[in-house]
Amino acid sequence: MLGDAARSRLREIVGAPHFLDSLEDRISYSYDATLYEALPDAIVYPGSVEEVAAVVRLANEERFAVTPRGAGTGLSGGSIPIAGGLVMVLTRLNRIVAISTDDLYAVVEPGVITADLAAAVARRGLLYPPDPASQTVSTIGGNVAENAGGLRGLKYGVTRHYILGLEVVTPKGEILHTGSATVKCVTGYDLTQLMVGSEGTLGVVTRIWCKLVPMPEHKESMLAIFDHMDDAARTVAAIIRSGVIPATLEFLDRVTINAVEDFKKIGLPRQAEAILLIETDGQRSAAQAEADKVVAICRENHAGSVQKAADETERAQLWLARRSALSSLARVRPTTILEDATVPRSRVPDMVRGVREIAERHRILIGNFGHAGDGNLHPTVLTDIRDKEEYARAEKAIEEIFDLALSLGGTLSGEHGIGMAKAPFLKRETGAVGIKTMRSIKRALDPNNILNPGKMMLDEA
Amino acid sequence: MADSSFVLRPSSFNEIYRCMKCGNCREVCPVFLETGHEAMVARGRVQLLKAVLEDRLDLSDGLRDRVYACLNCNACYVACPCGIEVDQLILASRIAMVRAGKPLPDSQRVLRERIVGEQNPYGQKQSERGAWLPEKYRKPRPSPVVFHAGCAISYANNRVGKMAIAILESASADFMMMGDEEQCCGDPILRMGDVDSAEAQRRRNIEEYRKYGVETIVTACAGCLKMFKSYYTEQAGLQPSPFSTRDSELRTQDSAPSAQDFRVIHTLEWFAELIGQGRLKPQKPLAKRVAYFDGCDIGRHSGVYEAPRQVLRSIPGVELIEFPAHHETSRCCGGPLMASDPEMAASIASKRIREVLDASAEMIAVACPTCMVNLRDGANRLGAKMEIQDVTALLYRVLK
């Protein structure tokens, strides 16, 4: 519990308008985009790295927890303040400090909204590739903490591939600089990559050097509809085998297709077992040649129809199904749980079939869609948290989905992170040695267990 | 439930639980974009209401202040993947607070006293309401069409009202007005949660219109349009009317009879019809680059997007451009906060102005008296050279 002395000190550090502790405000910062909730004692909005460091130092003196937060749209519970204490919102640090078109990097503060960064660099002919679905509201700082992914993951990689260096306030309140703005850098341990994806447990990121790439000249978009799941799965494998790495290779299953039809009435065939949305990009001739190859492969694998967009308007139409997938599913039942279990690409057909079988056995409705190209599917459980019996079945189904992914050589989370949601299952994937190694790093950097305690199973001895 | 007087529709519970907390509303909420505070966005307010339902929060002053700080623009509803009817939740929670006897925020209390006392939010005399009108419109008469001027035109600035009348007369359009007997549609009082007083206005107005054989209600006020369409009838814009006769919890026990047989249109819709029929001929050119601003009440809430554009396109020389967000994704001007938080209202307005300054607009055309006043404040604040005119005024200019 935050004492009065600590509250006064915090008001001094960040300024009274940036310190909140009413019950209404505490409730407003008790959640993220998962079903978890926990009340913090107070919330601060620091305006500088010095203020962040001062708050963290105070936290060590007074022994209260600090949970960093961006937009609070995370999908694993990373920003839930389960130990109470302080929520530290980084959104006041929201400047794009610099964009270098010569050296292809941008320097940003953690509160910059990812889509705003992408738009700013796009105006200079550059691309910041990681495009998580939340990009118009989520922050770069949050993306770094969770190693956010996105639809471009297959060809371009994820957030961690685009972070050159960081300024971080350590859990002891010291200011650490990692990495370099150079293309290559190997000096000491790779602390940048330790921080990326550490879910706010090893440091508070206060400045980020992002790598940029040239904006591809041209883009081709295609939509292929399949009567049979196996044909779609074979298509995915065949595309990669042919030497084409599409910029996007997305998939929707039948439950999702029908949810989209119910809501958007696009005219998708309800009996179709799979839809693939594929994009190629690059130099015009290359993108077009790759697109032609993709279309041919779809047809060879019995796609019922393949449409290629002729212009931006048609592109938007083709994308409508994929863009509406989550919103359509979210309207089916009161509670929507978005999962993230990922498998090697070659095991996607087994994963899809396995999830369907789990859904049937537990009598739970699950829509499956996602990044078929990189194996990162999003089985989406549709239920009602107020129906205790059904919700218990849903939780069981989710646990089996984790086990299924692991049994297929996959991972619990492709891009959402472990946080609280998957912490109990982490050991199944990393093993005891993995957990022990992570805990020793956490203890070394955060001896007082101040920063985002209780996450990722890092707490137990 | 902590407070048994906190009554929401049964379907409101479902709305609250359907919130995925994805935070998409944060992208579009004008008040959130000003403050950066989670309690000032749909997600925050929905979660606060959930806390009340789950006994974690009372109907506190803090809750009340946050719920009343909402613009009711409903941009969040459009952005929400789950389609949460946020505007209805906000209204329902205000109604619940009023019914629980919670004192209104100060700025709303004065407004309520005025409307209940004098049937208009300006606190001016009912007997002076029709003073701006030519004699023939000061008293109602039987007619299938009533032109409802609304309180803003009657008391604050009747310029657009006079022009609308002149335009309609030039097209030999026939209508009557309630004149000295016209009363507030009840929108401001419904917005603050006093559904019982709003219901009294609705009942009284419908009885009067029926008395005179009215079939069509035409109004030049976007707020009245929204009220007539979503509360008096069920012709609302984007979402089902929040006050349909199904939802008895939000109505008083003995509601006025259904008014489904009224046709409700904005004057701009009538002008567009008349232009189409050749009865209005915009002839004088107006060589300007004009951005049409989709106000929330006429747009999202009432579903009227094309008629104002048709009118503008019919004016020779006008080059019509769009705001970056337009039609149902249009962003609020901030006007509803003018009384309670003028600083924020002006700040939001200046953001709207900047959006079309970048696109070299020379003029912003609006269809709402609130948008007009607030966008002008925003332009002044920026020191921007940007003319803001009502579409009606532009049409008037090119007809004479």
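Trainee: What does the secondary structure of chain B come to?

Mentor: This is a predicted model. In it, chain B has 17 helices and seven strands.

Trainee: What makes chain B as compact as a globular protein of its length?

Mentor: Set the value against the rule. The radius of gyration of chain B is 21 Å, and the globule rule gives 21 Å for 400 residues.

Trainee: How many of the 400 residues of chain B count as buried?

Mentor: 53% do. The test is 20 or more other C-beta atoms within 10 Å of the residue's own.

Trainee: Which contacts in chain B join residues at least 24 apart?

Mentor: Take the contacts between residues at least 6 apart in sequence. Of these, 78% join residues at least 24 apart.

Trainee: Why are the buried residues of H1(A) said to line one face of the helix?

Mentor: Start with the residues. Helix H1 of chain A covers residues 4-14, and its buried residues are Ala6(A), Leu10(A), Ile13(A) and Val14(A). Down the axis of H1(A), they fall within an arc of 75°, so they line one face. An α-helix has 3.6 residues a turn, so residues three or four places apart point the same way.

Trainee: Which residues are exposed on the other side of H1(A)?

Mentor: Asp4(A), Ala5(A), Ser8(A) and Glu12(A). After H1(A) comes Gly15(A), with a positive phi near 95°.

Trainee: What makes a group of residues a nonpolar core, and how many residues has the largest?

Mentor: The members must be buried residues of the nonpolar kinds listed for a core, joined through C-beta atoms within 7 Å. The largest such core has 195 residues. Those with the most contacts inside it are Ile275(A), Leu276(A), Cys76(B), Val366(B) and Leu375(B). Helix H6 (residues 86-99) of chain B gives the most to this core, with nine residues.

Trainee: Which residues is Cys76(B) in contact with, leaving aside its neighbours within four places in sequence?

Mentor: Cys25(B), Val28(B), Cys29(B), Ala42(B) and Val86(B). A second, separate core has 64 residues, among them Ala6(A), Val168(A), Val169(A) and Met420(A). Ala6(A) is also one of the buried residues of H1(A).

Trainee: How many residues of domain 1 of chain B are in contact with domain 2 of chain B?

Mentor: 11, and they meet 10 residues of domain 2. H6(B) gives the most to the domain 1 side, with seven residues. By class, that side divides into seven nonpolar, two polar and two charged.

Trainee: Which residues of H17(B) are buried, and what covers them?

Mentor: Val391(B), Thr392(B), Leu394(B), Leu395(B) and Tyr396(B) are buried in helix H17 (residues 391-399) of chain B. Their cover includes helix H9 (159-170), helix H13 (267-276) and strand E7 (387-390) of chain B.

Trainee: How many residues of chain A are in contact with chain B?

Mentor: 24 residues of chain A are in contact with 26 residues of chain B. Contact here takes C-beta atoms within 7 Å. H2(A) gives the most to the chain A side, with five residues. That side has 10 nonpolar, nine polar and five charged residues.

Technical notes: Residues numbered from 1 in each chain as written. Chains lettered and ligands numbered in written order. Predicted model: local features only at pLDDT ≥ 70, side-chain atom pairs only at ≥ 80, totals over all residues. Helix = DSSP H or I, 4+ residues; strand = E, 2+ residues; numbered from the N terminus. Rg over C-alpha atoms; globule rule 2.2 N^0.38 Å. Buried ≥ 20, exposed ≤ 12 C-beta atoms within 10 Å, placed from the backbone. Contact = placed C-beta atoms within 7 Å. Nonpolar A, V, L, I, M, F, W, Y, C, P; charged D, E, K, R; others polar. Arc of directions from axis to C-beta.
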